[in-house]
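Open the model in your viewer and keep the sequence panel beside it. This tour tells you what to select at each stop.

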Amino acid sequence: TGFSPYETTFGTPICLPVGGLQQLIFASGDGGVWSMQPRTGKVIWNYPFARAGINVSPLVTADGRVYANHGVENTFGNSMGSAVALDGTQKGKEIWRNFEIMAPFSSPVMLNDRLFIIDDTAKMFMLDPKTGDKIAQKKLGSMMRGTGDESPTPFVADGKIYAITGDGQFYVLKPTETDIKVVSKLRLDGEAVDASPIVSPGRVYVT
């Protein structure tokens, strides 16, 4: 990616066809969101996003939109953190950018045409994916970061969002169009959690 990446990244690349072209889309240690041809490494597009490495995995939807967030300095101005929507079919053209969302480690998820991002203080934001406008927010626990520079990413299953915070609080959430409802909540024996949970038929696993 960049000539000299600032640091490593803990994000996972996404590989799928976007706009009829196979793309490997990822957030990089150089602070950008990148798309490359997976077979050749040729750059398709690049979106400079932050002044330090980004640790989330981008969310790519069926219409070719790419969503990402970070919690470090932005590429311009003095604010920290932002979320962005890019058009992966138009060489990463910016659709919207919402500043001062401090979400450095937890990746975004989508449910029922709503975008959900959890910031460093374990506050979940519900955004309109078309405009980036904030619709609702819900406080989950006291922090999203665990013992290191990683934190859990929620997952969507059965029409709900399953989220574990860095301080070990496990939530099942069922959002409406304008609110985030808590279906259930429990605490994992007071343990810190760095890992993202996964789902396999009938069970949720977390380390």
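Start with the aromatic side chains. Select Phe155, Tyr162 and Phe170: ring pairs link them into a cluster. Rings of Phe, Tyr and Trp (its six-membered ring) pair if their centres lie within 6.5 Å; planes under 30 degrees apart count as stacked, over 60 as edge-to-face and the rest as tilted.

A word on the source. This is a predicted model, where local features need pLDDT of at least 70 and side-chain atom pairs count only at pLDDT 80 or more, while totals for chains, interfaces and linings use all residues. Residues are numbered from 1 along each chain as its sequence is written, and side-chain values use heavy atoms, with hydrogens and water left out.

**Ring pairs**

How many aromatic pairs does a search of the whole structure find? It finds five. Select tyrosine 47 and phenylalanine 49. Their ring centres are 5.7 Å apart and their planes are at 50°, so this pair is tilted. Tyrosine 47 and phenylalanine 49 are both buried. Buried means under 20% relative accessible area, exposed over 50%, and partly exposed in between (1.4 Å probe, protein chains only).

Go back to phenylalanine 155 and tyrosine 162. Their ring centres are 5.0 Å apart with planes at 10°, so the pair is stacked. Phenylalanine 155 has 11% relative accessibility and therefore counts as buried. Tyrosine 162, at 15%, counts as buried too.

**Nonpolar cores**

Next, select Ile25, Val33, Trp45, Tyr47, Phe49, Val66 and Leu86. These have the most contacts inside the largest nonpolar core, which has 16 residues. Such a core is a set of buried Ala, Val, Leu, Ile, Met, Phe, Trp, Tyr and Cys residues joined through side-chain atoms within 4.5 Å. Colour β2 (21-27), β4 (43-48), β6 (65-73) and β7 (80-87): these elements give two or more residues to this core. β4 gives the most, with three residues. Another core, of 15 residues, lies apart from it; Ile118, Met124, Ile161 and Tyr171 are among its members.

Select β3 (residues 32-36) together with β4. The two strands run antiparallel and are joined by five bridges. Strands pair if DSSP finds at least two bridges between them. Find serine 35; opposite this residue stands tryptophan 45 in β4. β3 and β4 form a hairpin with six residues between them. In the turn, glycine 41 has a positive phi of about 80°.

Most residues other than glycine have a negative phi. Where is lysine 91? Look in the loop between β7 and β8 (93-99). Phi of lysine 91 is near 55°, a positive value. At 59% relative accessibility, lysine 91 counts as exposed.

Move to aspartate 113, in the loop between β9 (109-111) and β10 (114-118). Its phi is near 60°, again positive. Aspartate 113 counts as partly exposed, at 40% relative accessibility.

**Zoom out**

Show the whole protein as a cartoon. It has zero helices and 18 strands. Helices (H or I, at least four residues) and strands (E, at least two) are DSSP runs, numbered from the N terminus. Along its principal axes, the C-alpha trace spans about 45 × 35 × 30 Å. Of the 207 residues, 49% count as buried.
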